[in-house]
Amino acid sequence: MIEILESGPFNTVQDLGRPGYRDIGVTASGAMDPLAVRIGNILVGNEENAAVIEVQTFPFRLRFEQRAVFTVTGADGNPDLDGSELFPWCAYAAEAGQVLELKQPPRLARAYIALGGGLDIPVVMGSRSTSLRGGFGGNAGRPLAKGDRIALGQDAEITMLPAAGLAVVEPAAALCDVFPASVDGVLPIRALPAGEHELFAGDGEAFWRQTWRISSRSDRTGYRLSGEPITPTASVEMRSHGVVPGVIQVPPGGEPIVQMSDANTAGGYPKIAGVIECDLWRLGQARIGARLQFVRSTHAEARTVERAVARYVDDIRQTSRMVKRALKAMA
């Protein structure tokens with residue numbers, strides 16, 4: 001069991017989402033940085049889809065009511081355990097009564113707390129993710145609040161953790177050859193032209209050239225971008241059609257909207273581009289006010305990045321198992 005001691009208004013329980021129900025109007029939800037969730041869960045010995053805590057408003061504090069393994073992944077910044085600074089992307093054991101605190105990260109947006117055994121929360125439509133708009137899933141369909149107590153699942157690997165912790169190289173560093181760094185503070189996000197791109201003619205090229213800023217009107221549903229408006233060459237009346245996370249729509253005002261984890265299931269705005277899936281976690285870690293530029297990508301490049309990420313995750317999975325088996329054999 002853990003108890004929430006302090007939390008902001010938008011911190012929720014998330015896993016890798018609730019696919020398969022968009023046809024009946026149910027958003028997938030799920031973590032904004034799914035790669036951080038997968039790595040965190042591997043480190044603590046969970047299935048990669050186990051429920052974790054997504055923290056996007058800080059500070060955040062919880063108290064352990066039992067001995068538990070945990071890790072903090074995602075955003076930069078160092079968590080504290082009873083005031084002692086820890087490394088992120090590293091699994092540790094906490095004793096009953098100890099307090100974990102996450103402070104405002106220096107640059108990135110969201111941290112994830114994975115706990116050994118996972119959060120023992122009911123599965124709703126195949127997922128433990130919180131749907132804030134639907135008011136279901138996660139912690140009774142609402143954000144976490146001070147005083148909430150959440151049970152942990154059975155942790156079979158709690159005795160197989162090295163005393164100094166078990167760490168990995170974070171993806172931004174380990175995969176720097178496939179995830180280009182920001183240039184002068186501008187984050188490159190790869191995307192493919194979408195169905196209505198040609199309707200924008202010259203403004204379609206301006207979409208790729210200019211630097212966009214994530215507006216304060218952004219949330220888990222969508223990132224609204226501020227910049228020089230772009231418009232189609234003629235007014236377009238479209239029937240509503242299905243949209244998914246990563247789709248970039250352009251409403252009549254000309255400032256694009258990127259659909260994110262709580263993406264609408266349908267929309268009628270023209271689509272100018274779609275962010276490649278492997279870059280969505282980087283977008284999920286971009287904060288309000290961050291600047292970004294879309295880079296025209298290809299299906300081949302997207303598949304190359306996917307394969308690199310798969311090799312990185314598989315290496316962590318295999319190494320983690322090997323270390324824990326060795327410790328178990330020596331016990």
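Is Phe70 buried or exposed, and what is its relative accessible area? In this predicted model, Phe70 has a relative accessible area of 1% and is therefore buried, the limit for that class being under 20%. Phe64 is likewise buried, with a relative accessible area of 1%. The ring centres of Phe64 and Phe70 lie 5.3 Å apart and the ring planes meet at 40 degrees, so this pair is classed as tilted. A second aromatic pair, formed by Phe207 and Trp208, is edge-to-face, with 5.0 Å from centre to centre and 80 degrees between the planes. Phe207 and Trp208 are both buried. In total, six aromatic pairs are present in the structure. One aromatic cluster consists of Phe207, Trp208, Trp212 and Phe294.

Nonpolar side chains tend to be buried together in soluble globular proteins. The largest nonpolar core of the model comprises 54 residues. Within this core, the members that touch the most others are Ile39, Phe207, Val258, Leu292 and Phe294. Another core, of 29 residues, lies apart from the largest one. Phe70 belongs to this core of 29 residues, as do Ala51, Phe58 and Leu115, among others.

The surroundings of Val258 were examined with neighbours within four places in sequence left aside. On that basis, Val258 is in contact with Thr221, Gly222, Tyr223 and Leu225, with Gly246, Val247 and Ile248, and with Val275, Leu283 and Phe294.

How values were computed: Residues numbered from 1 in each chain as written. Predicted model: local features only at pLDDT ≥ 70, side-chain atom pairs only at ≥ 80, totals over all residues. Heavy atoms only, no water. Core = buried A, V, L, I, M, F, W, Y, C linked by side-chain atoms within 4.5 Å. Buried < 20%, exposed > 50% of the residue type's maximum accessible area, 1.4 Å probe, protein only. Contact = heavy atoms within 4.5 Å. Phe/Tyr/Trp six-rings, centres within 6.5 Å; stacked < 30°, edge-to-face > 60°.
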